[in-house]
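Here are my notes on the model, point by point. Please read them with the coordinates open.

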Amino acid sequence: MSDTAQLTYKGKTMEFPVVEGTENELAIDIKALRASSGMITLDPGYKNTGSCESAITFLNGEKGILRYRGYSIEELAEHADFLEVAYLLIFGELPTKEQLAKFDHDIKAESHVDEEMKKILDGFPKSAHPMGVIASLTSALIAFNPSSVNVSSEKDMYHAIVRLLAKFPVLVSWTHRKRMGLPLDYGDDSLGYVENIHKMMFKRPNKEYQKNPLVIEALDKLLILHADHEQNCSTSTVRIVGSSHAGLFASISAGISALWGPLHGGANQAVLEMLQAIADDDGDTKKYMAKAKDKEDPFRLMGFGHRVYKNFDPRAKIIKRSADNVLGSLHMEDPLLEIAKGLEKEALEDPYFVKRKLYPNVDFYSGIIYRALGIPVEMFTVMFALGRLPGWIAQWREMRLRGEPIGRPRQVYIGETLRPFKKLEDR
Ligand code: ACO
């Protein structure tokens, strides 16, 4: 017999089952609440609301734990590559050598993008924000791959997943190359997944592509660290759009739009812009710390704070080390890295940040690495989307396989009650 929780309202006591997850997380199952009490729960921002049961990612914000399918992010970042992690997230287990080789082969077989897509890309001005471009192109892919996925067929599902994993990096590279005025590039099947992304983005038309294992390793690690983060804003968007039985590509396109905002994935661009503004202001970190603490000032220290991590963001620790390594091995010095470290030190000692448990998040250092790799600031959030793609796919697949109902929250209406219509001449 599982535990129950009681709710008493106006002398009537109702009982609700308590659900326990495999990591002992507890939730009150209120499915019957409205039917038994006439009430709903009110939780703007869903800070206390579990929208689903999921077996993909576990995180504990208090202890700073992040695991994909039970494997710690630290071990995955150290030992696995991005394609293995993508397979793990989507299908639940680390692939065998044979499974990984087949996955890689199947992705490569689907990596062409219809030439007609170039016309759509051409329609965008060069100045268009790449997140808007990539969301539109992902949505446009539907027109070229119109067959809807029969989710009860594993084969159909696998095919759709592989197609998206194959074509999305091409669209990312095309978005980047158009901005840079470079001719569009196609992948090279002899390269690994991440190496191929790098080649497609950076190959100069008049030069051989130069492999740099250090750069690929750093990029691989960044993509792994971004690959999933349970029910965040963009992932919830993917699941809720998918819950209407909209297709995979449409759901992912919606997730990209959600990721764009500066309070979510757009923070990595915002961090770099903030660090640059501080550098241009004689490196005056104290001034920006004061602005962040001033309640009259809308400025926030970008890259600080997290909805769930109230101790530290384990991804930020790995990324900070990686930023040091990348800059060291590329023999680069970046004054913005020094400003970032200075800000972090000040914030960690400041009572305002300590009291509110505000720590650097994944985006605080990722921009420094992207910059060192030659990725322009406006592409940062697109790189995040590239990393998050397997997570979104895994969450969409899980939601469809579990046959979850359409997502449709309720509200507490606080508007006018019924009133008589007033004709225009009487207003
Ligand atoms: N700078 C200054 N103060 C902050 C910051 C910050 N970056 N973040 C939170 N606070 C303060 C708030 O003003 C609030 O103070 P109060 O209690 O005196 O009103 C308190 O800390 C709690 O903040 P909330 O906004 O209620 O926390 P919430 O969990 O809703 O927001 C969020 C989390 C959106 C990440 C927030 O910390 C923020 O805006 N950070 C900057 C943007 C950023 O880095 N986003 C990336 C998140 S990671 C990702 O999406 C991959």
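1. Helices and strands here are DSSP runs, numbered from the N terminus; a helix needs at least four residues and a strand at least two. On that numbering, Val-412 sits in the segment after α18 (380–401). The model is predicted, and local features are taken only where pLDDT is at least 70.

2. Start with the surface. Val-412 belongs to a nonpolar patch of about 420 Å², together with Ile-40, Leu-42 and Ile-414.

3. Now the ligand. There are 22 residues around the ligand, and Arg-300, Leu-301, Gly-303, Phe-304 and Arg-307 come nearest. The shell divides into ten nonpolar, five polar and seven charged residues.

4. Which atoms of Gly-303 face an oxygen atom of the ligand? A backbone N or O atom of Gly-303 lies 2.8 Å from that ligand oxygen. Arg-356 uses its side chain: an N or O atom there is 3.0 Å from an oxygen atom of the ligand. Asn-361 also contributes a polar side-chain atom, 2.9 Å from an oxygen atom of the ligand. On its own the ligand has 920 Å² of accessible area, and the protein covers 78% of that.

5. Next, charge pairs. Side chains of opposite charge can pair when their charged atoms come close. With a cut-off of 4 Å between a side-chain nitrogen of Lys or Arg and a carboxyl oxygen of Asp or Glu, the count comes to 25 salt bridges.

6. One of them joins Glu-23 and Arg-67, with the closest N and O atoms 2.7 Å apart. Glu-23 is in the loop between β2 (12–20) and β3 (26–28), and Arg-67 is in strand β5 (residues 65–68), so this pair ties together parts 44 residues apart in sequence. Glu-23 is partly exposed at 37% relative accessibility. Arg-67 is partly exposed too, at 22%.

7. Lys-118 and Glu-115 form another salt bridge, at 3.1 Å between the closest N and O atoms. Lys-118 is partly exposed, with a relative accessible area of 22%. Glu-115 counts as partly exposed at 48%.

8. Arg-371 and Asp-334 also meet through their side chains, at 2.9 Å from N to O. Arg-371 is partly exposed at 31% relative accessible area. Asp-334 is buried at 9%; the cut-off for buried is under 20%.

9. Some salt bridges share partners. Glu-53, Arg-239, Glu-398, Arg-402 and Glu-404 are joined in this way into one network.

10. Look at helix α3 (residues 82–91). Eight of its ten residues are buried, so α3 is largely enclosed by the rest of the structure. The buried residues are Phe-82, Leu-83, Val-85, Ala-86, Tyr-87, Leu-88, Leu-89 and Ile-90. At the start of α3, a side-chain oxygen of Asp-81 comes to within 3.2 Å of the backbone nitrogen of Leu-83. Just after α3, Gly-92 has a positive phi of about 100°.

11. Check Lys-167 in helix α7 (residues 154–180). Is Lys-167 buried or exposed? Lys-167 counts as buried, at 4% relative accessibility. Where does its side chain go? The side chain of Lys-167 reaches the backbone oxygen of Glu-110 at 2.8 Å.

12. Two backbone angles deserve a look. Glu-230 has a positive phi of about 40°, although Glu-230 is not a glycine. Glu-230 lies in the loop between α9 (213–225) and α10 (233–242), and is partly exposed at 24% relative accessibility. Asp-282 has a positive phi of about 60° and is not a glycine either. Asp-282 is in the loop between α12 (267–280) and α13 (285–293). Asp-282 is exposed, with a relative accessible area of 76%.

Definitions and conventions: Residues are numbered from 1 along each chain as its sequence is written. This is a predicted model: local features need pLDDT of at least 70, side-chain atom pairs count only at pLDDT 80 or more; totals for chains, interfaces and linings use all residues. Side-chain values use heavy atoms; hydrogens and water are left out. Patches are made of residues with over 30% relative accessible area and no salt bridge: like charges are joined within 9 Å, nonpolar side chains (Val, Leu, Ile, Met, Phe, Trp, Tyr) within 5 Å. Accessible areas come from the Shrake-Rupley method with a 1.4 Å probe; for residues, only the protein chains shown count as cover. A residue is near a molecule or strand if one of its heavy atoms lies within 4 Å of it. A polar contact is a pair of N or O atoms within 3.5 Å; within protein, one must be able to donate a hydrogen and the other to accept it, and residues adjacent in sequence count only if both atoms are side-chain atoms. Ala, Val, Leu, Ile, Met, Phe, Trp, Tyr, Cys and Pro count as nonpolar, Asp, Glu, Lys and Arg as charged, and the others, Gly among them, as polar. Buried means under 20% relative accessible area, exposed over 50%, partly exposed in between (1.4 Å probe, protein chains only).
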